[in-house]
Amino acid sequence: MSAQRRVLDVSMLPDTGDFGHRGLVWWGTVGFMVIEGSMFVMVLIVYFYLRLKVAEWPPSLPNPDVGVGTVNLLLVLVSLIPNALAKKAAEEQQLSRTRLWIAVLTCIGVANVILRAFEYPALNCRWDDNAYASITWLLLSLHTIHIVTDVVDSAVLVVLVFTSPMTRRRFIDVSENSLYWYFIVAWWVPIYLVVYWAPRWL
Amino acid sequence: MPTEGPRARPVERLERPLDENAETRLHRELERTWYVPRGVVGWLSVVDHRTVGKRYIATAFGFFIFAGILAALMRIQLAVPDNHFLGPDLYNQIFTTHGTMMMFLFAVPVMEALGVYLVPLMVGARNIAFPRLNAYSYYLFLFGGLMLTTTMLVNSAPDAGWFSYVPLAGPDYTPGKRSDFWAQMITFTEVSALAVAVELVATIFKCRAPGMTLNRLPLFVWSMLVTSFMVIFSMPAVVTSSTFLLLDRLVGTHFYNPAEGGDALLWQHLFWFFGHPEVYIIFVPALGIISSIITTFTQRPVFGYTALAMSVVTTGFLGFAVWVHHMFATGLPQLGLSYFTAASIVISIPTGVQIFCWIASLWRGRPRYPAPMLFVLGFFAIFIVGGLSGVTLASIPFDLQVHDTYYVVAHFHYVLIGGAVFPLIGGIYYWFPKMTGRMTDDALGKLNFWVLFVGFNLTFFPMHILGFQGMPRRIYTYPSEMGWGTLNLLASGGAVLLVVGGVLFVYNVVRSYVAGEVAADNPWNADTLEWGTASPPPVYNFLHIPIVEGRNALWDRSVDAPVVTGIRSDCREVLITEVLDAAPSNKTEFPGPSIWPFLASVVTTAFFIGSIFTPWALPVSVIPIAVTLIGWFWPKSPEKDAPGARKSTELREARA
């Protein structure tokens with residue numbers, strides 16, 4: 001055995017994970033985004049599949065009212081700004097800006113959830129009216145579950161960034177949270193179009 | 001990108017190896033850091049992949065035994081015509097629970113469980129990525145399985161077949177809660193399987209030892225990677241379909257109700273879009289097991305590594321393109337069906353490529369034939385028969401003749417038992433020394449193989465002929481005039497041998513665990529990293545994280561093999577590497593033992609079971625679920641949360 005051996009010294013590497021795809025957390029977030037995205041795709045396919053089974057759409061029900069849903073869409077799109085700023089601030093490890101933008105983002109999220117409650121009556125149907133009503137309610141609810149989950153997650157982060165000493169890991173959490181919010185916003189656009197406009201166009 | 005200045009890089013240098021005392025100190029410190037907690041609370045708080053993996057495997061085999069007993073009951077019932085050992089209702093419950101349990105609670109989980117145990121060891125990691133999620137997924141799997149077992153024991157089991165077709169399983173034809181238990185069992189097992197899939201992908205992509213580039217990935221790890229992706233893309237379909245079913249039954253939605261614009265065939269599309277990939281989710285890990293065993297017992301690098309890895313990937317893709325071949329008898333348009341015939345025949349090509357690669361490996365090596373190798377050879381014999389009957393079934397006119405007969409039963413048992421259970425049992429014999437530190441009895445293992453092999457063929461081969469003779473599946477008895485008695489009696493005789501084989505296996509495993517010969521670290525002189533550490537592995541897996549120098553990690557290792565230094569041993573710090581070339585990228589701290597995943601799984605279970613009975617389970621359980629999840633992710637204290645943050649920043653500043 002030789003007196004010396006080759007080693008690879010990794011003590012210099014960042015030791016609290018990393019942002020984006022270099023870090024491990026990102027892979028968990030993206031993994032679940034892919035799973036949930038697949039579910040959204042499945043449910044959207046089912047929507048159009050069910051459309052093919054009947055002559056008129058929506059079958060003997062009024063169209064949904066687009067008002068509240070559209071306001072919520074605009075609000076969700078507006079939230080992209082604080083979301084992007086929160087992500088940037090976290091990745092630059094700027095505490096005060098991170099605090100500000102994650103708080104703003106959470107407030108908008110809460111408003112989204114409140115508005116969502118008014119979207120259900122605007123659907124003008126009950127889930128057990130017929131298959132169209134069932135799939136419409138399901139689409140909206142699936143997205144609602146995602147919005148609520150991420151708003152709770154953001155709220156917990158707000159508590160953490162204001163009360164506990166900030167570590168790099170916490171900044172990574174904020175950055176990943178913003179990534180997930182992008183995902184939720186991105187899905188709301190097609191789901192909004194399908195829920196509110198597909199009944200008019202198809 | 002974060003603005004952190006130039007990225008820190010690992011440094012290569014020469015260093016005097018640690019002397020014996022320093023090695024012992026390191027070992028002790030790592031043991032303290034990566035401890036496995038004891039006591040009842042400790043037992044429920046375990047997050048290390050070896051313990052959770054072994055529990056997963058043992059639990060899955062527990063369900064295998066239960067479902068096997070159900071199969072034996074069916075064979076007793078069918079042994080002679082006009083038998084009244086089981087009534088029709090109980091028989092329906094038994095075949096439904098048998099199939100459901102074998103597919104959802106044994107075959108898929110046991111393969112993932114093997115991945116949970118082996119993948120971190122094979123890639124040179126100290127634990128699986130997201131270890132607490134791993135513990136959570138295990139408990140969900142356990143509780144979901146126990147729920148189904150309980151329904152069987154209290155005579156309230158699902159009875160609409162393992163694929164639970166509507167309208168039979170819908171609210172009109174199956175009142176009561178039987179189908180709801182089935183659908184909710186799906187939710188349990190799929191959430192757990194999806195979580196494990198994400199953990200495995202993250203472990204394989206980001207936790208490999210330096211030097212283990214993607215084209216040096218062990219073939220078993222390739223197969224688990226493909227399996228995990230198939231789980232991620234296919235299981236959302238069955239979660240969707242079973243959720244629709246539950247909603248139709250519980251709150252009166254109309255997804256599957258044609259009278260209100262729904263569609264019964266929608267169920268079959270969604271179920272089989274998952275269901276056919278599921279067959280490959282079970283089969284692909286077995287391919288990895290076979291490659292590992294063949295490489296080891298021929299003592300040569302496997303023939304056609306690239307072809308083998310790419311065949312597995314191709315199978316993964318094609319597995320998503322064949323689901324409609326389960327629906328040839330549903331009256332879909334002919335042109336579409338022809339496509340699925342073609343796809344179903346095409347998928348035999350990558351499997352053929354693999355079989356020829358293995359034959360070439362055996363041909364040019366000097367193979368030894370201990371028990372694990374016999375099971376691989378058994379795979380060849382049985383799986384090829386199952387594969388060929390599969391090609392015949394891909395032909396629509398033929399399929400229509402034998403649809404829902406015992407020919408199909410014979411086919412899928414040849415594919416699943418031959419393609420997955422034989423390699424799996426071979427794999428258990430192969431990795432048993434690593435998992436327990438004890439050798440199994442090889443002579444008994446060989447006897448075990450022959451009993452199972454003969455028993456299997458006696459049981460299932462006659463079913464091909466019974467199918468031709470028109471015996472439908474899922475009938476609880478048949479009149480003697482049909483002339484099916486002799487072959488059924490033969491099949492039931494074979495089943496006796498299968499039971500004996502099962503008992504031999506359990507006896508061998510238990511006896512070896514208690515009193516087997518002590519195993520060396522690498523008793524088979526195998527090539528993959530798990531054999532490069534002690535048997536059983538220490539709690540930290542590897543004293544020094546190895547640096548991989550070739551495709552057959554242990555065989556290609558130089559005498560003074562380089563290792564990684566600079567990973568803290570006083571906290572659960574691990575090395576994170578890049579996806580393609582496994583170059584060191586950063587380090588992170590893995591979470592330690594915690595009771596929260598167990599608590600979260602208990603609350604989730606209460607929610608899943610409660611929602612079988614009332615939609616109010618959702619609002620009631622939202623708060624407890626949120627509390628347990630927040631408890632799970634809440635940082636213990638800032639110091640522990642990131643103990644190295646300050647130090648590494650200082651280091652970087654000093655360098656700058």
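1. Helix α12 of chain B covers residues 371-393, 23 residues in all, and its first and last C-alpha atoms lie 33 Å apart, close to the 33 Å expected at 1.5 Å a residue. The expected span is 1.5 Å times one less than the number of residues. Helices (H or I, at least four residues) and strands (E, at least two) are DSSP runs, numbered from the N terminus. This is a predicted model, in which local features need pLDDT of at least 70 and side-chain atom pairs count only at pLDDT 80 or more, while totals for chains, interfaces and linings use all residues. Residues are numbered from 1 along each chain as its sequence is written, and chains are lettered from A and ligands numbered from 1 in the order in which they are written.

2. The buried residues of α12(B) include Ala371(B), Pro372(B), Met373(B), Phe379(B), Gly390(B) and Leu393(B). A residue is buried if 20 or more other C-beta atoms lie within 10 Å of its own, exposed if 12 or fewer, and partly exposed in between, with C-beta atoms placed from the backbone. The buried residues of α12(B) pack against α8 (264-298), α13 (396-402), α14 (406-436) and α15 of chain B. Two residues are in contact if their C-beta atoms, placed from the backbone, lie within 7 Å.

3. In chain B, α15 (residues 442-468) packs with α16 (residues 485-515) at an angle of about 155°, and their axes are 8 Å apart. That makes α15(B) roughly antiparallel to α16(B). Axes are lines fitted to C-alpha atoms, for helices over the stretch in contact, and angles run from 0 to 180 degrees between N-to-C directions. Angles under 35 degrees count as roughly parallel, over 145 as roughly antiparallel, 65 to 115 as roughly perpendicular and the rest as oblique. The contact of α15(B) with α16(B) has 20 nonpolar, 9 polar and no charged residues. Here Ala, Val, Leu, Ile, Met, Phe, Trp, Tyr, Cys and Pro count as nonpolar, Asp, Glu, Lys and Arg as charged, and the others, Gly among them, as polar.

4. In chain A, α1 (residues 25-51) and α6 (residues 168-201) pack at an angle of about 10°, with axes 10 Å apart. The helices α1(A) and α6(A) are therefore roughly parallel to each other. Among the residues in this contact are Trp26(A) and Phe40(A) of α1(A), and Phe183(A) and Trp187(A) of α6(A). By class, the contact of α1(A) with α6(A) has 13 nonpolar, 1 polar and 1 charged residues.

5. Most residues other than glycine have a negative phi, and most peptide bonds are trans. Phe130(B), not a glycine, has a positive phi of about 55°; Phe130(B) lies in the loop between α4 (88-122) and α5 and is buried, with 25 other C-beta atoms within 10 Å. Arg474(B), also not a glycine, has a positive phi of about 70°; Arg474(B) sits in the loop between α15 and α16 and is partly exposed, with 14 other C-beta atoms within 10 Å.

6. The Val166(B) to Pro167(B) peptide bond is cis, with omega near 5°, and Pro167(B) lies in the loop between α5 (131-153) and α6 (178-206) of chain B. Another cis peptide bond joins Ser535(B) and Pro536(B), with omega about -10°. Pro536(B) is in the loop between α16 and β2 (563-565) of chain B.
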